[in-house]
Amino acid sequence: MKRVLVIGSGIVGLCSGIELIERGYSVTIIDPNEPGSQTSYGNAGVITDSSLIIVNNPQLLKSLFSLIFKKRTGFRYSMLFVFSRFFWVVRFLMFSTQKHMELAAKAYKELQTLSLKTHHELIKKSSSESLILKPGWLKLFKTDLSFQKYSSEMNILNKNKVDYKVLNTSEIMKMVPELQVKFAKGVLFKNSIRVNSPLKLSKKYFDYFLKKGGKYINDNCKDLRYVNNYWDVITGNNTKLKYDEVIIATGPWSRKFLSNLGYNIPLAWERGYHHHYSTKDKVSITPVIHDVEGGFVYSSLGNEIRITSGVELNFFEASENENQISEVIEKLSKILPLDKKITPKAWLGSRPTLIDSMPMIGKAPKHKQLWFNFGHNHIGLSTSAGSAKILADMIENKKIAIDISPYCPNRFNLKIF
């Protein structure tokens, strides 16, 4: 029985571990943190086949001037960070073409469709049905003008056969009567599901992984060396372990981690915040809601609202700055009857982003029996289970269900230091 080590216990690492253990491998996951408690904890809680538009698209170039000189709740940046990662930013912007956007959308539709199907299976296997609500994803537009600007994205959705419904004002109010303002239009994604607690889902998946015979090491991986057709792993407490295959699923830490093996990964990160607030009255909103003009996302469960900010480009270790999430909360307080803060301070996490906004899934270019599965940016929950399945197929040298070329780790001709 082949021994596999998965480095990273976020939703991507957990799905990778489960997929392989179900195929008969001996699987160990290593992480110094609680499973699902880092980047995976801070996602919006949506599993969908509709998150097809990458951040670096033609619209980004059109709005670049205003993004640079005007602060928005959906986007903030540190000038020092941008200058320090200037060449990464330039390469990121170079992918903002119509051709790349359409190629990425097609690839993501295939991956998210596979992932959604696989998540449904995992939810049932892990007895996580109580955490799921349907439909799970609703975009709201305050004005007809903002909805019209969304037409280019809808063209991509139509081209990739995403199942959605456009709602008018009365339909929105009927679905979400708690809203204190009127929205002109809404787009409801029919195939999407909502996870009311991403952390609880990760724990359910982790429990299922252990039930199937998986092992967990609550420690960091201090050193990793390929010796005599095996991987020697040194943990933080200096325990030496040996594995046949190793999967890197370390999210935003992947660039730094792989630099120790000589890789120069073109990866940065989008930082994001969220808070939890109580409400004055009971609010029962089924889908996660994306306020498009406001640039924020929120969801409810009873008298609790989970509020997620947009993007902050800043150094990984930079101190928290709650100005962005505070502005989001001020805007949301005019939409829903917010009451008191539940979490003492905003949670902060980082989402890994490669220069083409696509994850790396597949064989490491310069090492045997080493595999990459990271860089899922802000849609890791929607792509995790699918990426785990295709990676397992690659490890077993089986026919892959979808086109994997957009995710190939060597697509940037990775250089060794």
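Trainee: What is the handedness of the crossing of helix 1 and helix 13?
Mentor: Helix 1 and helix 13 cross in a right-handed way. Keep in mind as we go that this is a predicted model.

Trainee: Thanks! At roughly what angle do those two axes cross?
Mentor: Roughly 40°, and the axes of helix 1 and helix 13 (residues 380-395) come within 8 Å.

Trainee: And which residues of helix 1 meet helix 13 there?
Mentor: From helix 1 you have Ile11, Val12, Cys15, Ser16, Glu19 and Leu20. Among their counterparts in helix 13 are Leu381, Ala385, Ala388, Lys389 and Ile395. The residues of this contact divide into 9 nonpolar, 4 polar and 2 charged.

Trainee: How do strand 14 and strand 23 run, parallel or antiparallel?
Mentor: Parallel: strand 14 (residues 245-248) and strand 23 (residues 370-374) are joined by 3 bridges. In one of those pairings, Val246 has Leu370 of strand 23 as its bridge partner.

Trainee: Switching topic: is Gln112 buried or exposed?
Mentor: Gln112 counts as buried because its relative accessibility is 0%. You'll find Gln112 in helix 6, residues 98-125.

Trainee: What is Gln112 in contact with, leaving aside its neighbours within four places in sequence?
Mentor: Gln112 contacts Thr48, Asp49, Ser50, Ser51 and Leu52, and also Ile379, Ser382 and Thr383.

Trainee: On to helix 5. Which of its residues are buried?
Mentor: In helix 5 (residues 86-94), the buried ones are Trp88, Val89 and Phe92. Looking down the axis of helix 5, these buried residues fall within an arc of 100°, so they line one face of the helix. Phe87 and Met94, on the other side of helix 5, are exposed.

Trainee: What covers the buried residues of helix 5?
Mentor: The cover includes helix 2 (58-62) and helix 4 (79-84), along with strand 15 (267-279) and strand 21 (347-354).

Trainee: How many residues of strand 8 are buried?
Mentor: 4 of the 5 residues of strand 8 (residues 185-189) are buried, so strand 8 is largely enclosed by the rest of the structure.

Trainee: And how is strand 8 joined to strand 6 and strand 7?
Mentor: Strand 6 (residues 137-141) runs antiparallel to strand 8, with 5 bridges, and Trp137 stands opposite Phe189 there. Strand 7 (residues 164-167) is also antiparallel to strand 8, with 4 bridges, and Lys165 stands opposite Leu188.

Trainee: Last one: where does Ser299 lie?
Mentor: Ser299 lies in strand 17, residues 296-301. Ser299 has a relative accessible area of 8%, so it is buried. Apart from neighbours within four places in sequence, Ser299 is in contact with Arg194, Val288, Glu304, Ile305 and Arg306.

How values were computed: Residues numbered from 1 in each chain as written. Predicted model: local features only at pLDDT ≥ 70, side-chain atom pairs only at ≥ 80, totals over all residues. Heavy atoms only, no water. Pairing = 2+ DSSP bridges. Axes fitted to C-alpha atoms, helices over the stretch in contact; angles between N-to-C directions. Left-handed = near helix turned anticlockwise from the far one by under 90°. Contact = heavy atoms within 4.5 Å. Nonpolar A, V, L, I, M, F, W, Y, C, P; charged D, E, K, R; others polar. Buried < 20%, exposed > 50% of the residue type's maximum accessible area, 1.4 Å probe, protein only. Arc of directions from axis to C-beta.
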